[in-house]
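Work through the exercises below with the structure at hand. Try each task before reading its solution.

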Amino acid sequence: MTSPTLQQKLNDRHQHDRTNSQCLVHKLVEKTSLGQQPKVENKLENQLEQIDETHALKTQNSTSSNGTSVSEEVQAIHSRLLTKRQLSDMAMSVRSLAKRLSSLKVKLQIRRVFLLTKAHDKTLIAKTREVARWLLSKERDIEYTVYVENTMKENQIFDAKGLLAEDPSYNGRLRYWDNELARTRPHTFDFVVSLGGDGTVLYASWLFQRVVPPVLSFALGSLGFLTKFDFENYQQTLTQAFRDGVTISLRLRFEGTIMRSQRSPEDCHSADLVEELMLEEADGKPTHKPDRTFEILNDIVVDRGPNPTMSTIELFGDEEHLTTVQADGVCVATPTGSTAYNLAAGGSLCHPENPVILVTAICAHTLSFRPIILPDTIVLRLGVPYDARANSWASFDGRERVELRPGDYVTISASRYPFANVMPPGRRSEDWVNSISRTLQWNSRQRQKAFHEWETAQEKKKKEDSAQA
C-alpha cells in the first residue's frame with residue numbers, strides 16, 4: 001500500500017482547515033452548491049421563517065446519498081481553476097441562497113464577538129470600550145467572550161486594566177485579536193461588530209480573506225452604504241440580533257490571483273501575451289505560476305502607478321481576448337464597489353444584489369471605450385503585454401499594491417466566500433436608493449415650477465365682481 005502523495009496531504013489539510021473554519025452562513029452556501037436546501041422553521045407567533053444554528057449544528061455531519069459527508073464532497077479549488085460549469089454552478093448557488101436569506105432570519109449561537117473599530121479615532125475607542133463593557137456585563141444572559149484589537153491592550157483611552165479591575169469575571173473573557181488570528185482562524189469568532197464607516201467594513205473584509213463571520217456595522221463614519229445601524233440604539237440592536245436572529249445580505253466578493261510569467265527576461269522580447277494565453281487555454285500547459293490571492297469586496301484596479309506614461313493592458317474574458325486597453329488603468333468592481341472608484345471613473349451605479357462584474361476604464365485614450373457590465377460567471381484576466389513601455393500596478397480594495405511586470409496578469413472571478421452583511425429588517429432596495437440619495441445627492445435638484453395660465457381681462461373683472469357680491 002503506497003503512502004499518500006504530498007499533494008494529497010496538502011489537499012486533505014486544506015479541506016480539514018476549510019471545514020473547521022465554516023460559519024453557519026458559509027455552511028449553507030456549501031450545502032446549497034451541492035443541491036441541498038437548508039432546513040427552515042416557521043415561527044407561528046409571527047409567521048417569520050427562520051434558520052436556527054442550534055438545529056444546523058446537530059445535522060452538520062449529515063451524509064449524502066452515497067454515504068460521504070458533505071464536507072468531503074467539496075473540493076478546495078481556487079476559483080481560477082474552476083471550469084466554466086463549476087464556476088457557473090457556484091455563482092448560481094450563492095445567488096439563490098442570497099435571495100432566500102434576504103427574507104429569512106438566521107438565529108446564530110453567538111458566544112465570541114469580534115469588535116472592530118478605527119484604532120486611531122479617540123472617540124471610537126471610547127465607544128469600543130463602552131460596547132465591550134456592555135457585552136461583558138453580568139446583566140447579559142450569556143457570558144460573551146469579547147475580542148478587541150491587540151493595540152487596545154496598552155491604549156490609555158480603552159484602559160483594559162481598569163476594565164478588568166471592575167469585575168473579576170471579565171478576566172479570560174476580554175481577549176485580543178491580530179491580523180494573523182483573523183486570517184488563519186476565522187472560526188474563532190461567531191459575530192463581528194463594526195464601529196466606523198464603510199472603510200471599517202472594508203477592513204473587515206480584508207481581515208477575513210476566506211470565511212467572513214456575519215458583520216453588523218454601526219454608522220460612525222462619513223458614508224453609509226454598508227453601515228446600516230445607528231449607534232445610539234446599539235444595546236437594543238445587539239440584544240434583538242443575538243436573541244431573535246438577523247437578516248443577512250450576501251455581498252458578492254471577487255477572488256483575484258496574481259499570475260507571474262515564467263519566461264526569462266531574454267525571452268520576453270519576442271513573446272506575445274495574447275498568443276501565449278490562448279495557447280495555454282488550448283494545450284493546458286501552464287505558462288504562468290500563481291503568486292498571491294486576495295478576496296476583495298469593492299474593486300481590483302490595474303493602473304500605471306508612478307509611471308508617467310499610460311498603461312497598456314490586455315483584457316481577456318474566459319478564453320477570449322476582449323480588447324487592448326490603453327488608459328491610466330482599468331477598474332473591475334463588484335456591485336458593492338460600484339459607488340466607489342468605479343463611479344469616480346464614470347462607471348454605472350449598480351444595485352448590490354445584481355450578480356455582475358463592472359469593468360470601467362480610467363481615463364481611456366479613446367472616446368469609444370465605454371463601461372461594460374459582465375455576468376459574474378465570467379473569468380477576467382488583465383495582463384501586461386511583453387512589449388509594454390512600463391510596468392503596471394494592481395491594487396486590491398485600495399490596500400495591497402503589487403507591481404506587475406511585462407508578461408504578468410491578474411485573474412478575477414467570483415469568490416466562493418461572500419461577505420455576510422447584517423441588514424435591518426424590511427429594508428432592501430429602498431435602503432440602497434436612500435443611501436445613494438443621501439450620500440451622493442443623487443438626482444437632487446430644485447423642482448421645476450408648474451405652468452400658470454394668464455387671466456384675461458374679462459375673467460379678472462368677473463372674479464372681482466364675484467368677490468364684491
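**Exercise 1.** In this predicted model, find the salt bridge between Glu400 and Arg292, and say which parts of the chain the pair ties together.

Solution. 
- Step 1: Side chains of opposite charge can pair when their charged atoms come close.
- Step 2: Look at the gap. The side chains of Glu400 and Arg292 meet at 2.9 Å, N to O. A salt bridge needs a nitrogen and a carboxyl oxygen within 4 Å.
- Step 3: Glu400 lies in strand β20 (residues 400–404) and Arg292 in strand β11, so the pair ties together parts 108 residues apart in sequence.
- Step 4: Glu400 is partly exposed, at 23% relative accessible area. Arg292 is partly exposed as well, at 36%.

**Exercise 2.** Find the salt bridge between Arg401 and Asp303, then decide for each partner whether it is buried or partly exposed.

Solution. 
- Step 1: The side chains of Arg401 and Asp303 meet at 2.9 Å, N to O.
- Step 2: Arg401 sits in strand β20 and Asp303 in strand β12 (residues 299–303), so named by their places in the chain; the pair links distant parts, 98 residues apart.
- Step 3: Buried means under 20% relative accessible area. Asp303 has 12%, so Asp303 is buried.
- Step 4: Arg401 has 40% and counts as partly exposed.

**Exercise 3.** Compare the exposure of the two partners in the salt bridge of Glu139 and Arg140.

Solution. 
- Step 1: The closest N and O atoms of Glu139 and Arg140 are 3.8 Å apart.
- Step 2: Exposed means over 50%. Glu139 reaches 63%, so Glu139 is exposed.
- Step 3: Arg140 has 17% and is buried.
- Step 4: The whole structure holds 15 salt bridges.

**Exercise 4.** Follow the salt-bridge network that includes Arg129 and Asp159, and describe these two residues.

Solution. 
- Step 1: The network links Arg129, Arg133, Asp159 and Glu166.
- Step 2: Arg129 lies in helix α6 (residues 122–136). Arg129 is buried, at 16% relative accessible area.
- Step 3: Arg129 and Phe158 are 29 residues apart in sequence, yet their C-alpha atoms are 5.6 Å apart.
- Step 4: Asp159 is in the loop between β5 (145–149) and α7 (160–166). Asp159 is partly exposed, at 33%.
- Step 5: Most residues other than glycine have a negative phi. Asp159 has a positive phi, near 50°.

**Exercise 5.** Which residues of helix α9 are buried?

Solution. 
- Step 1: Helix α9 spans residues 198–207.
- Step 2: The buried residues are Asp198, Thr200, Val201, Leu202, Tyr203, Ala204, Ser205, Trp206 and Leu207.

**Exercise 6.** What is the volume of the largest cavity, and which residues line it?

Solution. 
- Step 1: Rolling a probe the size of a water molecule over the atoms shows where empty space is left.
- Step 2: The search finds one cavity of 30 Å³ or more. The largest cavity has a volume of about 60 Å³.
- Step 3: Its lining is Phe225, Arg251, Pro335, Thr336, Ser338, Thr339, Cys350, Pro352 and Trp432.
- Step 4: Sort the lining by class. Five residues are nonpolar, three polar and one charged.

Notes. Residues are numbered from 1 along each chain as its sequence is written. This is a predicted model: local features need pLDDT of at least 70, side-chain atom pairs count only at pLDDT 80 or more; totals for chains, interfaces and linings use all residues. Side-chain values use heavy atoms; hydrogens and water are left out. On a 1 Å grid over the protein atoms alone, a cavity is a set of points where a 1.4 Å probe fits but cannot get out, and a pocket is an open set with protein on both sides within 12 Å along at least five of seven lines; lining residues have an atom within 4 Å of a point. Grid points are joined across faces, edges and corners, and a volume is the space filled by probe spheres set on the points. Ala, Val, Leu, Ile, Met, Phe, Trp, Tyr, Cys and Pro count as nonpolar, Asp, Glu, Lys and Arg as charged, and the others, Gly among them, as polar. Helices (H or I, at least four residues) and strands (E, at least two) are DSSP runs, numbered from the N terminus. Buried means under 20% relative accessible area, exposed over 50%, partly exposed in between (1.4 Å probe, protein chains only).
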